[in-house]
Amino acid sequence: MTGETFVRAASLGDLEDDTPKRVELDGVPVALVRTEGEVFAVNDICSHANVSLSEGEVEDCQIECWLHGSSFDLRTGKPSGLPATRPIPVYPVKIEGEGPDAAVLVSVTQES
Ligand code: FES
């Protein structure tokens with residue numbers, strides 16, 4: 001089957017700017033990041049080793065792995081520098097509703 005299945009990952013009001021939130025969706029660890037007026041969803045595991053990216057810092061639309069310092073672009077998943085060389089999966093996000101109760105919907109079945 002093709003197509004995207006969006007599931008509710010959080011309410012918009014749960015997400016603070018530049019403070020990643022880890023959620024698990026269909027068994028997939030996901031880091032939700034609200035930054036620069038948008039919400040991004042990326043796989044929470046660094047592509048270099050088994051480290052939770054949501055424990056790292058967010059800056060300039062990038063999330064930094066706290067262990068060895070590779071940063072990943074939240075739009076593309078691409079690492080900006082070593083030691084990570086592989087991108088992390090990026091998932092499509094939809095916002096439904098208005099205000100803090102708006103639903104943040106993420107599809108982990110298809111990488112964007
Ligand atoms: S574990 Fe993330 S850069 Fe090494």
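Strands S9 and S10 pair in the antiparallel sense over four bridges, where strands (E, at least two residues) and helices (H or I, at least four) are DSSP runs numbered from the N terminus, and two strands count as paired if DSSP finds at least two bridges between them. Within this pairing, Val93 stands opposite Val106 in S10. The model is a predicted one, in which local features need pLDDT of at least 70 and side-chain atom pairs count only at pLDDT 80 or more, while totals for chains, interfaces and linings use all residues. Residues are numbered from 1 along each chain as its sequence is written, and side-chain values use heavy atoms, with hydrogens and water left out.

**Sheet and annotated domain**

- Three strands form an open sheet in the order S1-S10-S9, and the pairing is antiparallel; the edge strands, each pairing on one side only, are S1 (7-11) and S9 (93-96).
- From one strand to the next the twist averages 35°, with axes taken as lines fitted to C-alpha atoms (for helices over the stretch in contact) and angles running from 0 to 180 degrees between N-to-C directions.
- The UniProt annotation "domain: Rieske", which comes from an unreviewed entry, covers residues 7-102; UniProt positions are given in the numbering used here, feature names are shortened, and annotations may be inferred rather than shown by experiment.
- Over residues 7-102 the chain is 0% helix and 40% strand, and the end C-alpha atoms of that stretch are 13 Å apart.

**Leu105 in strand S10**

- Leu105 lies in strand S10, which spans residues 103-106, and with a relative accessibility of 10% Leu105 counts as buried (buried means under 20% relative accessible area, exposed over 50%, and partly exposed in between, with a 1.4 Å probe and protein chains only).
- Leaving aside neighbours within four places in sequence, Leu105 is in contact with Phe6, Val7, Arg8, Pro92, Val93, Lys94 and Glu96, contact meaning heavy atoms within 4.5 Å.
- Leu105 and Lys21 are separated by 84 residues in sequence and by 14 Å in space, C-alpha to C-alpha.

**Ser47 and its surroundings**

- Ser47 lies in the loop between strand S4 (38-43) and strand S5 (58-59), and its relative accessible area of 12% makes Ser47 buried.
- A polar atom of the Ser47 side chain lies 2.5 Å from the backbone oxygen of Arg86.
- Not counting residues up to four places away in sequence, Ser47 touches Phe72, Ala84, Arg86, Pro87 and Ile88.

**Backbone geometry in the loops**

- Leu82 and Pro83 are joined by a cis peptide bond with omega of about 10°, and Pro83 is found in the loop between strand S7 (71-73) and strand S8 (90-91).
- Asp26 is not a glycine, yet has a positive phi of about 50°; Asp26 is found in the loop between strand S2 (21-25) and strand S3 (28-35) and, at 60% relative accessibility, counts as exposed.
- Glu36, also a residue other than glycine, has a positive phi near 50°; Glu36 lies in the loop between S3 and S4 and is exposed, with a relative accessible area of 55%.

**Salt bridges**

- The structure holds four salt bridges, each defined as a side-chain nitrogen of Lys or Arg within 4 Å of a carboxyl oxygen of Asp or Glu.
- Asp17 forms a salt bridge with Arg34, with the closest N and O atoms 3.9 Å apart; because Asp17 lies in the loop between S1 and S2 and Arg34 in strand S3, the pair ties together parts that are 17 residues apart in sequence.
- Arg34 is partly exposed, its relative accessible area being 26%.
- Arg22 forms a salt bridge with Asp44, and the closest N and O atoms of the two are 2.6 Å apart; this pair links distant parts of the chain, with Arg22 in strand S2 and Asp44 in the loop between S4 and S5, 22 residues apart.
- Arg22 counts as partly exposed at 40% relative accessibility, whereas Asp44 is buried with a relative accessible area of 0%.
- The side chains of Arg75 and Asp73 meet in a salt bridge at 3.2 Å, N to O; Arg75 is partly exposed, with a relative accessible area of 48%, whereas Asp73 counts as buried at 14% relative accessibility.
- Salt bridges that share partners join Arg22, Glu24 and Asp44 into one network.

How values were computed. A polar contact is a pair of N or O atoms within 3.5 Å; within protein, one must be able to donate a hydrogen and the other to accept it, and residues adjacent in sequence count only if both atoms are side-chain atoms.
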